[in-house]
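Here is a colleague's note to read beside the model.

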Amino acid sequence: MNRRSVLTLAALGALALNGIGIPASAQTQNWPERNVRFILPLGPGSGVDIVTRLIADRLTAKWGKSVVVENKPGGDAILAITAFAGANDDHTFLMAPTSTFTAHPFLHDKLPYDVKDLVPIARVSNTIVAVGVPASLGINTLDELIARAKTEPGKLNSAGTTGAIDFVVAGYLKRAGAEITKVPYRDGVQALNDLAEGRIQLYVAALAIMRPQVQAGKVKIIAVTNNERAPIMPDVPTAAEAKHPKLAIDGLIGLFGPRDMPGELRNRIAADIREILSDPEVAAKINATAQIVRPGGPEEFAKELDAQTSVIAEAAAAAGVKRMLQN
């Protein structure tokens, strides 16, 4: 064998080791080649954490490689997102509520990541987002809430938290002509306690956060913002059903992968997750965390994410919030 042949074989070997020149179908068939990592922007014990660990355990058994869950809470989810994007690795994924980043362009003029690096792979579930009022307030519907706010402008208070839901609420109230004063909170539990005691009169957040005070009879859920009713609260209407469509937004949760991941592999991972979510035992455990099981593939997830991004942009504009990030 001459020197040129040796160098050619060496180069081909290097390409193979780096996955370059290998057909996507072969890469898909051999994947995963090592342990897989799911990064989360929320802490242990959260609803997203619970559902991710359920899926990770099943995928570990199915794939024959460990699927490790890594919690990186804080920093408005930017810590987790940059860790995922910076890895640029087809064995590292982001499992997150889309609301953790869809509001970023309205909150930051610069971001350390490119949203194009967050490629939708699998829709997993919807967090149940509830509209809560103090039980002592005597309000039972959204119509009654808006009517009270109009007759008593500025006298009602709402809990405000940074993110997509906050923009949707602000835009909804503005368009409804309801003057409700926003009280900023960094701690959702404190906001809930103030709601239960009647110090604030409106809080829109994950049902999982509100459930203790709902069960204690101190908080009443008058609607959910989701586009379908929550199975664990079948008698509570959606905002759209209550004729308040501008308050409609799903707590969309799903898995994101790197930009260059082959479509065939994305579809395979989505199919594996769909199979896991179809297991009644898994679905029951997810429903118990105040989520709605809603599996979907890359195209379904991407389409819904685009629609939600438009909803948030429209709500922010209605609330008078300008987009800060221009690119």
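Contact here means heavy atoms within 4.5 Å. The model is a predicted one.

1. Confidence. Average pLDDT for the chain is 91. At least 70 is reached by 91% of the residues. Residues 1-22 are another matter: there the pLDDT is below 50. Beyond near neighbours in sequence, that stretch has six contacts in the model.

2. H6 against H7. Helix H6 covers residues 142-151, and helix H7 covers residues 164-176. They pack at about 65°, and their axes are 11 Å apart. Angles of 65 to 115 degrees count as roughly perpendicular, so H6 and H7 are roughly perpendicular to each other. Their crossing is right-handed. H6 brings Leu142, Ile146 and Lys150 to the contact. H7 meets them with Tyr172, Leu173 and Ala176. By class, that gives five nonpolar residues, one charged and no polar.

3. H7 against H12. H7 also packs on helix H12, residues 298-318. Here the angle is about 50°, with the axes 7 Å apart. That makes H7 oblique to H12. The crossing is left-handed. From H7 come Ala164, Phe167, Val168, Gly171, Lys174 and Arg175. From H12 come Val311, Ile312, Glu314, Ala315, Ala316 and Ala318. The residues of this contact divide into eight nonpolar, three charged and one polar.

4. H8 against H9. Helix H8 (residues 188-196) packs on helix H9 (residues 207-215) at about 35°, with axes 10 Å apart. H8 passes H9 in a right-handed crossing. Which residues of H8 and H9 make the contact? H8 supplies Gly188, Leu192, Asn193 and Ala196. H9 supplies Ile209, Met210 and Gln213. The contact has four nonpolar and three polar residues, and no charged ones.

5. Salt bridges. The structure holds 20 of them. Side chains of opposite charge can pair when their charged atoms come close. Both residues lie in helix H3, residues 47-63. Aspartate 49 and arginine 53 are four residues apart, about one turn of the helix.

6. Backbone exceptions. Most residues other than glycine have a negative phi, and most peptide bonds are trans. Two places to check follow. The peptide bond from tryptophan 31 to proline 32 is cis, with omega near 0°. Proline 32 is in the loop between helix H2 (24-30) and strand S1 (36-40). Aspartate 76 is not a glycine, yet has a positive phi of about 55°. Aspartate 76 sits in the loop between strand S2 (67-71) and helix H4 (78-87).

7. The S9-S10 loop. Proline 245 lies in the loop between strand S9 (219-224) and strand S10 (251-257). What does proline 245 contact, leaving aside its neighbours within four places in sequence? Proline 245 is in contact with Ala239 and Ala240. Glycine 217 is 28 residues from proline 245 along the chain. The C-alpha atoms of glycine 217 and proline 245 are separated by 27 Å.

Key:
Residues are numbered from 1 along each chain as its sequence is written. This is a predicted model: local features need pLDDT of at least 70, side-chain atom pairs count only at pLDDT 80 or more; totals for chains, interfaces and linings use all residues. Side-chain values use heavy atoms; hydrogens and water are left out. Axes are lines fitted to C-alpha atoms, for helices over the stretch in contact, and angles run from 0 to 180 degrees between N-to-C directions. Helices (H or I, at least four residues) and strands (E, at least two) are DSSP runs, numbered from the N terminus. Angles under 35 degrees count as roughly parallel, over 145 as roughly antiparallel, 65 to 115 as roughly perpendicular and the rest as oblique. A crossing is left-handed if the near helix is turned anticlockwise from the far one by less than a right angle, and right-handed if clockwise. Ala, Val, Leu, Ile, Met, Phe, Trp, Tyr, Cys and Pro count as nonpolar, Asp, Glu, Lys and Arg as charged, and the others, Gly among them, as polar. pLDDT is the predictor's confidence in each residue, from 0 to 100. A salt bridge is a side-chain nitrogen of Lys or Arg within 4 Å of a carboxyl oxygen of Asp or Glu.
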